[in-house]
Amino acid sequence: MASDHYFSASPASAEKLRRIRVPLHGREREVTTAGGVFSPDRLDAGTAVLLANTPPAPPGGNLLDLGCGWGPVALTLALQSPHATIWAVDVNERALDLVRRNAAELGLDNVNARLPEDVPDDVRFRSIRSNPPIRVGKNELHGLLERWIPRLDERSDAWLVVQRNLGSDSLQRWLAATFEKGFSVHRAATGRGYRVLKVRRHGTPPTAPVDIVG
Ligand SMILES: C[S@@+](CC[C@H](N)C(=O)[O-])C[C@H]1O[C@@H](n2cnc3c(N)ncnc32)[C@H](O)[C@@H]1O
């Protein structure tokens with residue numbers, strides 16, 4: 001059955017397109033949103049905190065916006081890094097249509113809006129940025145992060161914004177316990193009741209030379 005949650009695959013509310021003006025990559029831009037996607041009337045406060053507290057995206061490689069909605073994070077990455085490939089991933093098909101439309105309207109040709117299962121398994125990411133879907137519940141959220149964070153390249157970071165009232169501190173503890181080996185987790189910023197959590201994947205330590213005795 002279709003539902004009206006913003007994270008459903010086919011939102012039931014009739015698609016009524018809206019034009020809104022939002023600050024993206026240093027200036028106000030007009031984008032298209034619609035009912036049935038997350039925060040259709042404005043840039044979400046948590047997303048604004050994420051965008052204000054993350055470094056510029058790497059200039060090339062694959063970058064992931066996990067849970068893209070109508071696309072504020074993916075569009076910002078594409079504007080920052082025109083030579084990178086931006087993967088805008090969501091389970092909501094309407095959101096994916098909106099990201100494609102917004103990218104085209106902004107003249108961006110480096111945004112791949114895809115369902116999670118349509119991102120090839122061998123793609124690795126130089127950066128992951130996400131305002132993740134907390135309301136799907138802990139188990140599903142943890143499953144989502146366990147699926148995507150290990151796809152970071154070595155010496156690369158995931159940046160997640162989470163509302164303090166919605167469990168940012170327990171999510172930080174879970175991330176630290178789950179990504180114990182080869183990663184480090186810390187709180188990179190706080191603001192407006194949100195935390196930005198950073199998960200860094202370290203490089204593989206050089207292997208010691210093997211002594212050949214004989
Ligand atoms: C908090 S919203 C953020 C949307 C957008 N990035 C923004 O900042 O406005 C989280 C998004 O995650 C999506 N989502 C839910 N479950 C998902 C899953 N398993 N894989 C990918 N995206 C998912 C929802 O549809 C929703 O668009």
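A nitrogen atom of the ligand lies 3.3 Å from a polar backbone atom of C68. Polar contacts here are pairs of N or O atoms within 3.5 Å; within protein, one atom must be able to donate a hydrogen and the other to accept it, and residues adjacent in sequence count only if both atoms are side-chain atoms. The model is a predicted one, in which local features need pLDDT of at least 70 and side-chain atom pairs count only at pLDDT 80 or more, while totals for chains, interfaces and linings use all residues. Residues are numbered from 1 along each chain as its sequence is written, and side-chain values use heavy atoms, with hydrogens and water left out.

A polar backbone atom of G67 is 2.7 Å from a ligand nitrogen. In the side chain of T47, an N or O atom is 2.6 Å from a ligand oxygen. On its own, the ligand has 590 Å² of accessible area, of which the protein covers 95% (Shrake-Rupley method, 1.4 Å probe; for residues, only the protein chains shown count as cover).

One of 30 Å³ or more was found. A cavity is a set of points on a 1 Å grid over the protein atoms alone where a 1.4 Å probe fits but cannot get out; lining residues have an atom within 4 Å of a point. The largest cavity holds about 50 Å³, a volume being the space filled by probe spheres set on points joined across faces, edges and corners. Its lining comprises L50, L51, T54, V73, T76, L77, Q80 and R129. The most, four, come from α2. Helices (H or I, at least four residues) and strands (E, at least two) are DSSP runs, numbered from the N terminus.

Ten salt bridges were found (side-chain nitrogen of Lys or Arg within 4 Å of a carboxyl oxygen of Asp or Glu). One joins E30 and R19 at 3.1 Å, N to O. E30 lies in β2 (residues 27-34) and R19 in β1 (residues 17-24), so the pair ties together parts eleven residues apart in sequence.

Conventions
On a 1 Å grid over the protein atoms alone, a cavity is a set of points where a 1.4 Å probe fits but cannot get out, and a pocket is an open set with protein on both sides within 12 Å along at least five of seven lines; lining residues have an atom within 4 Å of a point.
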